[in-house]
Amino acid sequence: MKLPYAKRNITIYTSATNPSRDPKAWLFWYDPLVVFDSVKDIYQYNEQVRFRFAIASAEFDQLARKTIITKMNPEVEQFAVFWIIEPLPIDSLTIYVVDQTLLPIPAIYPCTKNSLSGTVSFECQFLTSSMIIASSIKQNILCGKIKFRLEYYIQSVKKPITIPPRTATISNLNSLRSSFRTGKYIHASQEKDVVAKYFVQTQSIDDTIKEADLETLFEVAINTTTYANITYPNDIWSLDDLESIINKDLFYVSFNKHNKISFHLHHTDSPWALKSPGKQTFHMDEIQDMFLKQQQLDVEWSSSDNKWKIKSLIVHVLSDILDNLQLSVINKQYEIDKINATYHRSIDCADWSSTCACQSIYSAAVFISEAQFIHIPDINMNFSSTGFTIELWVRPDVLPSGNDSVQLLNLRGEYLLLYQPKGEITFALVNKRRLNLFTTTLQGIPLHQWTHLACVHLPADNQLQLYVNGEFVSSVVLSVKAKRITDDIIIGKKFLGAVRDLRLWGCPRLIDQIRFSMQKDILFGNETCLVGYWLMKDAVSQTILDLSLNGISHPGTFGFDDNPNLLTDPIWAVILPKPPTPPPPRILHFQIFRENITFPLTVRWGTIFDIPMPADYDGDGFADFAVYRTTDLTWYVSSSNNPNIIIVKPWGLPNDIPVRCNFDGDRYFDFTVFRPATAQWISHLSSNPGVQYIHKWGRPNDFPCPGDFDGDGKTDFVVYRKGAYYINPSSDPSVQWTKQWGQPGDICVANCDFDGDGVTDFTVYTPIIGLWSWIPSKRPWLIYQKQWGTLYDRPVCGDFDGDRLRDFGVYRNFTGDWFVMPYRVSSFVITFRWGRPTDLPVAGDYDGDGFSDFALWRPRVNKTYVWEIIPSLMPVALLRKPWGIQGDVPVVGDFDADKRSDFTVWRPTNGFWYILFMAKPGIQMIKHWGFTPNDTALAGDWNGDLITDFTIYRPTTGYWYIMLLKNPILQIFMQWGVPLYGDIPVPGDFDGDAKYDFAVWRPSTGFWFILPSTNPATIVIAQWGIYGDIPVTGVDFDGDGKTDLSVWRPSTGSWYILPSSNPIYPYAGPFIINQPKFPLPPLGAGPPGAFSPGGAAAPAAAAGAGEAAPAAAAASGEAAGAAAAAAGTAVGAGSGASPAAAAAAGASAGAAEGAPSIGAAAAAGAAAEAPSVTKAPATVDAAPASG
């Protein structure tokens, strides 16, 4: 088992002998810890860095005991106090000090400890070559620049290991240095001699080390360690005869008749040889220059001795070179450990602190000691007449000690940027005789956070201004002029923190310019009046490049110059990589099953006399905003292709009803009116604008409700009369279809194809509650519902966002506002009514089509039960199967992997399961799994093998007991549910990974608490249902492979389903919808002819004979109804408030009394401006009948 502790998952191991032991004598082991206090346990002692730690923890011991008790039988708790729980004993542990790339750093030995066990503390002593190096390394560890790397060797009975010999020991590394004790310095040209001698000595320690490796390490050391210019001779290793070498071995001397000296180079392989291809004879000053550039020797010619004398030379400290060469041995041992060690672990500042000074998401210079500073020379411009601006980002990590401020930046000894003891920033003129020549912030800037500072000098009135994060904070007008003392910029000295992105401008910048440049991570470098630009992204060298391009470059250095110095040089920050997206935390949230749009589209475009007619008039696949104005009988269309213009079309007579039709199937909607007096449809076809298309269908009092119900791409003639559709399909005008759908008072909504299959869905709108109800053409056995609108709104369907799915729209004519909710981000509800109060819901996929079927387990007078099923493949049929007796518990599951639910009951009196296979008539399976009469039987596929496993839930404890059908030996135990609240188990595959998730439903609040198998760290909570409902488990009515939230209400026989295909991610708003940009003309102004396409006149007053009106009586069909939006109250009321997506089976707001072991609070989603809604509708009768 694993236990999270100290940012790690610690494995706990059970001793193999525990089953044969007395429970009091049980043994447990766990992965070794590394427990320490960074303040006290990482410290410097002389030339050593010391690290004190333990591998055990009393706190973890207690956590481990509790975890073991939880995972095992609770009865073992009485023995827990006697158990021995210890870390695995470590046979060998080597700790290396490494950089952020996990490579050992020079100048420090690794530490090896053997036979570590128990609870005692251990101490590693890392030896270095000097106290300064030890202090620097300790500071770099504490700030996060470098880290510890631990390599463990732990023996195992099953897998014995051999610990490789330790070669990087203190004795071996000291022996390598012993022959280099004479001499303090070394010259770069001595590389060959040093490497050859060191190589010979390493072979006795590790003969796999190559001489080429040492040469590389030597060159790295020469380029990265401190150098010195010393007189000769001065304690240089093995170099007493250098003057003899340069005078005898490198060249010979000749004199001409004028006694002038010439120097002729020898052909020699000496490392001191001077190189000059193509020339062999030189004058004295040329030789002197060559010595200085090639060999870093400052020499002079002695006329009295006729030879060169060495004045001084550039050398390196021999100890620093040896510190790098010893990496040859350390690296070899480290590479072996990386391959062979049992465990590997890195420890750095991030393991004990959330604020590591040397780590940053930006490249920056970090100051970890008060002696460190940055030097930028040669800033010699005249700012007294031009003014200047200094911008930089600063991150203080420690407040100044005492009452004195510390220097952030010193500009040429004229101006100071100071960091005050309480964190305030001061911008001051340097003048010891005058006081109050400064401006300061009123509040301190935050620690451990980046803050942008801008300091401005305005020469016109000699004013200093100070800005923080782009905001002006203070200013002061100076009475004296500044006096330049140096030409240097100094950053730091006693400041502890980090600095980045310094910009010096030779002009005073305005606030808008400061804000703009502050937001730009990188400049071009040629911006107006940019003097210096030190981005500080160099990250490796001692030099800070000036990236400005407007004049002379002014590079800066760490410390006074480019010579490395551990005391005065800041360090480059470790650039933290962008962290991967963390797994969602274990939190309670509600958005997955709730309306999540907060920004529906709201457009004001229309008047009280306009009728909304949105359709695709320009053929681009997007619905255009359009209205038909009854005062002038004119269509006004805002094209989605160009919303800056209005297309105008006069068409119709008084009392005509405008309709949206595409009779010719050319993608362009035709201007069409329905004339109630004659029941004629009169259209101006887009494909033939010179002809009026006239068709008769309907009666004078019918309401036109066109749509493409046959899916041929052309609009059918449809009228809606008293809750029934009468359809004259374009594919066969000789027939009539009828469909009953709706109640008195409902409004038929035309052209609604919500599933994008090209076939119009039967849709009605109940204005009294603003409820949309439709039958999807793909799933005609289901009823979908959504609440969107108010009593006074006019519903319209249109594909405003071009996704081929019609969107919900309402037009509020007394304000002229459109409210559009795209379908693809809308939540909706599935409702159905069927059942008696004595029934139990047993919905499942009995026909194997991937969609759950409505099913009931119904009692009979002979104390037996019958299963009644409405298969989705044939929703007009009713399947019946007797199975079960009084006292049994029905279970829905597929126990033979044929993708069809089987008839199953569990008998509490004996704990047996009785299964009758759906696809194998007469074949049964009997299985025992269950313990007490109070248990509850469930079904769930917990391992994703497509076969239902036997599951028992114990309400008294909240424990689940699972036996896998294919592997009955493997049994799973899980606690999920709170007995106190009477939680009901409702397992299902809510995340679609083919494995069931643990879930419970709380009757008192209607909350579902779901633990997804894909991310057990997240608890999903949704409210669906009210007290008295029965939750339906494991159902997938929309066929998307995920379990839907479903409840059945015995009091009314109603099913309320919240499908998982509802959108689950937040939506930022329908930005792709092109809104009208040109206003409508005022009322009474008449159509603006300038925008009119012109053409056809108004339709004739009387049309020719058309088709006969449909019969008044509708053929029998499904029962009408917008069946109860949900079992509760929808959110929102009042004009302008947003409708929640059919608040469905439960109160829309409230607080859960607690998830399984975790508290929760419900959230009620309210969106921004949109139509208001009222209470959910009452339920209506629907087939099939019970009985």
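Trainee: Why is Cys705 called buried?

Mentor: This is a predicted model, so the value is a computed one. Buried means under 20% relative accessible area. Cys705 has 1% relative accessibility, so Cys705 counts as buried.

Trainee: What makes Cys705 and Cys748 a disulfide?

Mentor: The cut-off is a pair of cysteine sulfur atoms within 2.5 Å. The sulfur atoms of Cys705 and Cys748 are 1.8 Å apart, and they form a disulfide. The link is left-handed, with -70° about the S-S bond.

Trainee: Which parts of the chain does the pair of Cys705 and Cys748 tie together?

Mentor: Cys705 sits in the loop between β47 (703–704) and β48 (717–721), and Cys748 sits in strand β51 (residues 747–748). The pair therefore ties together parts that are 43 residues apart in sequence.

Trainee: Is Cys748 buried or exposed?

Mentor: Buried. Its relative accessibility is 5%, and the limit is under 20%.

Trainee: How do you know that Cys143 is bonded to Cys358?

Mentor: Set the distance against the cut-off again. From S to S it is 2.0 Å, and the rule asks for sulfur atoms within 2.5 Å. A disulfide joins Cys143 to Cys358.

Trainee: Why is the disulfide of Cys143 and Cys358 called left-handed?

Mentor: The torsion about its S-S bond is about -90°, so the disulfide is left-handed. The pair links distant parts of the chain, 215 residues apart. Cys143 belongs to helix α3 (residues 131–143). Cys358 lies in the loop between β18 (343–347) and β19 (359–360).

Trainee: What are the accessibilities of Cys143 and Cys358?

Mentor: Cys143 has 6% relative accessibility. Cys358 has a relative accessible area of 0%. Cys143 counts as buried, and Cys358 is buried.

Trainee: What about Cys349 and Cys356?

Mentor: Their sulfur atoms are 2.1 Å apart, and they form a disulfide. The S-S torsion is about -100°, so this disulfide is left-handed. Cys349 is buried at 1%. Cys356 counts as buried at 10%.

Trainee: How many disulfides does the rule give?

Mentor: The count comes to six disulfides. Number the bonded cysteines in sequence order, and the pairing is 1-2, 3-6, 4-5, 7-8, 9-10, 11-12.

Trainee: How do you know that the span of α6 is close to what is expected?

Mentor: Helix α6 (residues 211–224) has 14 residues. At 1.5 Å a residue, 20 Å is expected. From first C-alpha to last, α6 reaches 20 Å, close to that value.

Trainee: Why are β28 and β29 called paired?

Mentor: Pairing needs at least two bridges. Six bridges join β28 (residues 463–468) to β29 (residues 471–477), and the two strands run antiparallel. One of the partners: Leu464 has Val476 as its bridge partner in β29.

Trainee: What do β28 and β29 form, and what is the phi of Asn469?

Mentor: They form a hairpin, with two residues between the strands. Asn469 is in the turn and has a positive phi of about 55°.

How values were computed. Residues numbered from 1 in each chain as written. Predicted model: local features only at pLDDT ≥ 70, side-chain atom pairs only at ≥ 80, totals over all residues. Heavy atoms only, no water. Helix = DSSP H or I, 4+ residues; strand = E, 2+ residues; numbered from the N terminus. Expected span 1.5 Å × (residues − 1). Buried < 20%, exposed > 50% of the residue type's maximum accessible area, 1.4 Å probe, protein only.
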